[in-house]
Structure formats: C-alpha cells, structure tokens
Amino acid sequence: MRLVKVAIAASLPLAAAAAVLPGTGVSAAPTVLASPTYSSTLVGPGTASMYPVDVTQNTQYYFVLDAGRYRLLAVNRTTGNIDCQIGGLQGSGPGQFGDARALDYDSTHNELYVADTPNNRVEVFSFSNSLCASNSSSAFTFLSQFGTKGSGPGQFSQAYGVAVDAVNGWVYAVNGAGWVQRWTLTTPTQPSTYLNQFNGAGLNQPRQVTVAPNSDVLVMNARAHECDVFNSAGKLLFTFGSLGKGNGQFTDDPRGVSVSQNGNLGFVTDAGGKRVEVFNLLSSGGDYTGTTFAYTIPSGTGTGQFVGPRGLTTTSDNHLLLTDEWGFSLHELSFTPTGATVTRNLFGTGPPLPGVDSPRGIRVAANGQIYMVDYWNMRIEYMNANGTGATSFGFRGNPNQAGAINFAWDAALQPGTGNVFVANRENDQVEVFSPTGTFIHIIGKVGTANGDFKFPQGIAFAPDGTLLVDDSGNDRIERFTMSAGDTVAAWNANYGTKGIGKTAPAGQLNNPTGIAVASDGTIWVADTLNNRIQSMSPSGTWTVFGATTGTGHQTGFLVPWGVTVAPDGSIWVSDTGNNRIVSMSTTGADNFNATAATMGVPAAPMDSVIFPFALAFSGNTVYLTDIWNNRVLVLTTH
C-alpha cells in the first residue's frame, strides 16, 4: 500500500476506536464486521427486448447493434426474428463489446465492422448466411480488431462511427476527439492498416458516418448540429443542418446518417426531436454540392412511436430501417422521394419490474425500502426489503426535461425527507425527486465553474446535511447546502484537483466515482481511474490508499467503483476490477477480501465472478449491485 497524508492532522480512525470493558477499565478490541455470506438475490436481470443503436444489412439480414445487452444480432428480414447473435457479455476481449455505437457491413468479403466505443477499437467479424439460418452460434466469427486508446494516428478517444467504402477498399472510423480515420479493409489474408485522418474545419463530438454511392463521406457533427460532407480525399465540401425545430434543422443531438442506394436522399436522425429529417442530395459531376430539405418522418404513435432514434440504414428496395434505443425497437419504413410509410415495428418490449440492467448505486431508506439506480433502463427502481412492491420512476429524455434520467450512476437519500437525489451523469445535473418519484428540482448545468458539473457520478449526504457530489469529469468533489423544499442548491466548496496515476499526490483525483461520508465528517472517495481510495478528514487532511496493509501480499485496488462506510466504521470497497469486496480500517489495515467463491454467491449465466459497484447496509444485511451480472445480491455479515 502507498499511504500519503497532507495538511495538518488526521481524524480518529472510527474502526480503530477501542471500547472500554464495563467495570474493568481495560480496552477491548473493536468489533469488526466479518466477511459476508450470500443470502439471496433481491433482483435479477430485467432487460428490454433490445436497446438498438445502429443497423446495417445484406440481402437476407438486418444486422443490429444492441448496446444495452452488449451483443450483435442478425434479424431475418422476412420473418423479423433473431436467427443468430454474438456477444451478450460486457467486456473487452475478442468478440465482446462495451457500449458499442455503430456498425457497417462489407458485402464484398461478408464482414461486419463494429465501433466498440468505450474500448477504443473497431472489431471485425466474418458472417455466414447459411450458418445463421440454421441458428448456429458460429455464424459470426471474430477476425481481428484495430485501434487503441490514445491521441496519436490510429488511436481513439472513443470510437463512435464506422463505414465501409468497398469501392476504394477503405473503412472510415470516427474518433470522438474530432477526427475521421481512414483504414484499409480487412481481407482474408490482411488485417486493416491505418492510412490517414481528416476533420475539415473541425468536428465537435462527431458520431456516425456513412459512405454514399459516389464515395463522398457524410459525418454527423453532433455538437455543431450539422452533417459535414467530405469527398474521398478528405476535403470538406459543405455542411447542412443547424440547431432548431424547423424543417431541415436538428433539435438536439443528431446521431445517425444514411444515404439511399441511388444516392439521391440523405436521412438523419434528429434524436432530440424524435424524428428523421430527409434531404435531397444535389451533385454536379462526381461529388455532392449541397442539399435541399425533402421531408420529415415524424414519430408515430403506439408501437410506431420514436423514443430514442439512433442509427439507420437503407436497402436496395427503398426500405429504411431505424433503430430506436429507448423504444427498444426497430422501425421499418418504405420511402419515396416525397415521403415514407411505416411497414413494420419489430420488438419493442420494455424491461420488466422487478429487474435491472447494469445496476449501479443502491441505498436503504429509513422505512427499509431499497432504492437502486437501474442504469440502462434509465430509471430509479425501489421495492420492499423482501423484493415485493417493486415500482420505478424516471425515463430517457432530453437534458433539463423534468423527470428525465440519462445514464445515472448513483443516488442519495436525504435524511429526514427521504428525497432522492440522482447523479444524472449524462445530463450533467443532479435531479431531485420525492421518495415516490415526484420531480422537485434540477441542480447544476454542464461546465467547470463552481456549482457546474461534467458527468457527476457519486453522491452522498454529510452528517451536517450538506450534499457532496463527485463531479467526475472535472475531477473534484463539490459541496452544496440545500434550501427548505430542496428547490435551491447553494454551492459551498470544492475539494480535490486533477491528477493521474497511483503516484499522484494525495488530494488529486482521476474520475472519482463512489463517495461516502463517515459520522465524523470524513469524506471517502473511490479515486477510480487512479486505482485507489482516498479520504479527506474534516480538517482537510487527504490520505491515499493504493492497497490494504496486513500479512501476506496485498493486491492493489483496480478500478474501484464504490466505497461505503459500514455500521462499525470500517471502509468497504467495491474493488470492481479485482472482482471482490475489500474491508479495511480507516488506517488501511486489511479486514477481509471477499469474492463470489468465498461468499458462496451462485454463478450468473455467463460469469462465476462478481462485478461489485455499490454497497448499502441495513443492520447486518448488505445489498450489493453486481453490475455486469444484472442483479442485486443480499449478503449477511456478523
């Protein structure tokens, strides 16, 4: 362990405080909670039929990227059924996916390219129509991958889009840092190699990309609210679209783009407007020269409603397939130069209650009810301690929309009121609800000033009633004082600065996630990407824990996502990367390490380990969110 202290004084370690035996004057050893054992599973998987974000096609199949279930599907274009798939387990190994965001198909080599966004790579798979038709699990075969995390040539800061140019033998991959990279296509004998990159006048959080029949490249410049058009040499030709709600405009967050097979129409998903905007593509000679607005495909109703439109593709027989991530469905339409008509709505079944998909934060209310952040299902779910009476609130929506929950990471229950404060990560806000889900207030906005947030992830209340938030994207902790009724949050203080690596000075943070506050006011934080835990005493003393101390080899923390102060004052760490729970004293002494095997946790369908995210105590009962196994475990300790 590397232990570092700064400032002037350390607080009294709670777990180390000894009790005095009555009538003896002799100090007794402190009672420390023992390693827990598995009792039951409170909630199991609760996933929608799919969470589709992009689609491509060949003559027999629609290939659908199901981000929320970490899989690639082949949907039979005739029957509408899933004939085969690959993936299904979050990971970074061959054939596994993180929150992958885009794909495209190379009909020349029967290969699929998948932009595996958080893993900073593009994966390449071969595909067999005949094996898929027989429902074979080997229809998809992993071939290779390209790209790594970084800022150099051939590296990515999030791989967001991918598109095949079979004519020139290239594949384009979108780097979230603002570049489009060009690679060679993978062949049976040669993997892809990096060629060059371009970005025109600058790309602001680019998303998906497509290659038109004339080899021009259309890129969604999302935060600029436009589509940028490049020729095959990477020269910016023109842009179209703007921020707004009118014809040919994008309300917010335009994501997907596709071109009709004859090259005359361009389709763009206006995700914020829950619609598709269609444009006439004008050309002179070989390249496009501009666009005119053609028509809008509005959201339908019922099963045809657009909730979260994302990627889309066109077919040779003039069909448009649209993925609807938060409608959990595929919308198939036929189109002409002047309009589109829905032909089918496929799938569309939402997640059940009870049930979770990638659960994160968890808390126990004063009345014993359990509140959990159901991350992929965009909701807060709560129920009785025995699992009955499950209900939920929240929905996928636009920033500043009352009640919208977008990839929230944690929630805190306010003492006294029981109000639920949600670290609404992707909205860059904290959202406040009553205990039953009535919207109260939104705190903060995106930014770096005092009181602003960038990807808030952890949240907790201090004993004095102030609110502490892990402002993870700004690598700091913010403190707020709440008004009566929780309608005003007054910024109070910031703690911590940016620092990278296990050897960064105490008080420097790198994407802090879990946060907890001891009864004496000591703040404990999971310094996640620095692979360590830190504490800050009420006097301002920071202490770093890279591992626990004790006899034998002590394994260092690896991507710890959660930290909790147990009822006995010990510190419990969700050491996610090491698939274990660690208990330590406030001075870093090891109490125990608990794994699925030592606790007797039954294996999940595809895992024999746990992926702990957060812990919550109710007496000797411990609730644990097992994030990638989609379950909440009940443990018992003594």
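The legends below describe close-up views of a predicted model.

**View 1. The largest cavity and the residues that line it.** A search of the whole structure finds 1 cavity of 30 Å³ or more, and the volume of the largest cavity is about 60 Å³. Its lining is made up of Val 53, Arg 101, Tyr 160, Arg 207, Gln 208, Arg 255 and Arg 310. Sorted by class, these lining residues comprise 4 charged, 2 nonpolar and 1 polar. Two of the lining residues, Arg 101 and Arg 310, also take part in a network of salt bridges that links them with Asp 99 and Glu 325.

**View 2. The salt bridge between Asp 253 and Arg 223.** Among the 24 salt bridges found in a search of the whole structure is the one in which the side chains of Asp 253 and Arg 223 meet, with an N to O distance of 3.0 Å. Asp 253 is placed in the loop between strand 21 (236–240) and strand 22 (254–259), while Arg 223 belongs to the loop between strand 19 (217–221) and strand 20 (226–230), so the pair ties together parts that are 30 residues apart in sequence. With a relative accessibility of 12%, Asp 253 counts as buried, whereas Arg 223, at 33%, counts as partly exposed.

**View 3. The salt bridge between Arg 344 and Glu 332.** The closest N and O atoms of Arg 344 and Glu 332 are 2.9 Å apart, and the two residues form a salt bridge. This pair links distant parts of the chain, since Arg 344 lies in strand 29 (residues 340–347) and Glu 332 in strand 28 (residues 329–335), 12 residues apart. Glu 332 is buried, its relative accessible area being 6%, and Arg 344 counts as partly exposed at 21% relative accessibility.

View 4. At 1% relative accessibility, His 331 counts as buried. The side chain of His 331 makes a polar contact with the side chain of Asn 345 at 2.6 Å, and it also reaches the backbone oxygen of Gln 305 at 3.4 Å. The C-alpha atom of His 331 is separated by 9.5 Å from that of Gly 348, which is 17 residues away along the chain.

**View 5. His 319 in strand 27 (residues 319–324).** His 319 has a relative accessibility of 19% and counts as buried, because the limit for that class is under 20%. Its side chain reaches the backbone oxygen of Asp 317 at 3.3 Å.

**View 6. Gln 96 in the loop between strand 7 (82–87) and strand 8 (102–106).** Gln 96 counts as partly exposed at 22% relative accessibility, and its side chain reaches the backbone nitrogen of Ser 92 at 3.4 Å. Apart from neighbours within four places in sequence, Gln 96 is in contact with Leu 89, Gly 91, Asp 116, Arg 121 and Glu 123. Between the C-alpha atoms of Gln 96 and Val 75, which are 21 residues apart along the chain, the separation is 19 Å.

**View 7. Backbone geometry at Pro 354, Asn 135 and Val 559.** Leu 353 and Pro 354 are joined by a cis peptide bond with omega of about -10°, and Pro 354 is located in the loop between strand 29 and strand 30 (359–364). Asn 135, a residue other than glycine, has a positive phi near 60°; this residue lies in the loop between helix 1 (129–133) and strand 11 (140–146) and counts as exposed at 51% relative accessibility. Val 559 likewise is not a glycine but has a positive phi of about 50°. Its place is in the loop between strand 47 (542–545) and strand 48 (562–565), where Val 559 is partly exposed with a relative accessible area of 28%.

Technical notes
Residues numbered from 1 in each chain as written. Predicted model: local features only at pLDDT ≥ 70, side-chain atom pairs only at ≥ 80, totals over all residues. Heavy atoms only, no water. 1 Å grid on protein atoms, 1.4 Å probe; cavity = no way out; pocket = protein on both sides within 12 Å on 5 of 7 lines; lining within 4 Å. Points joined across faces, edges and corners; volume = space filled by probe spheres on them. Nonpolar A, V, L, I, M, F, W, Y, C, P; charged D, E, K, R; others polar. Helix = DSSP H or I, 4+ residues; strand = E, 2+ residues; numbered from the N terminus. Buried < 20%, exposed > 50% of the residue type's maximum accessible area, 1.4 Å probe, protein only. Polar contact = N/O pair within 3.5 Å; in protein donor to acceptor, adjacent residues only side chain to side chain. Salt bridge = Lys/Arg side-chain N within 4 Å of Asp/Glu carboxyl O. Contact = heavy atoms within 4.5 Å.
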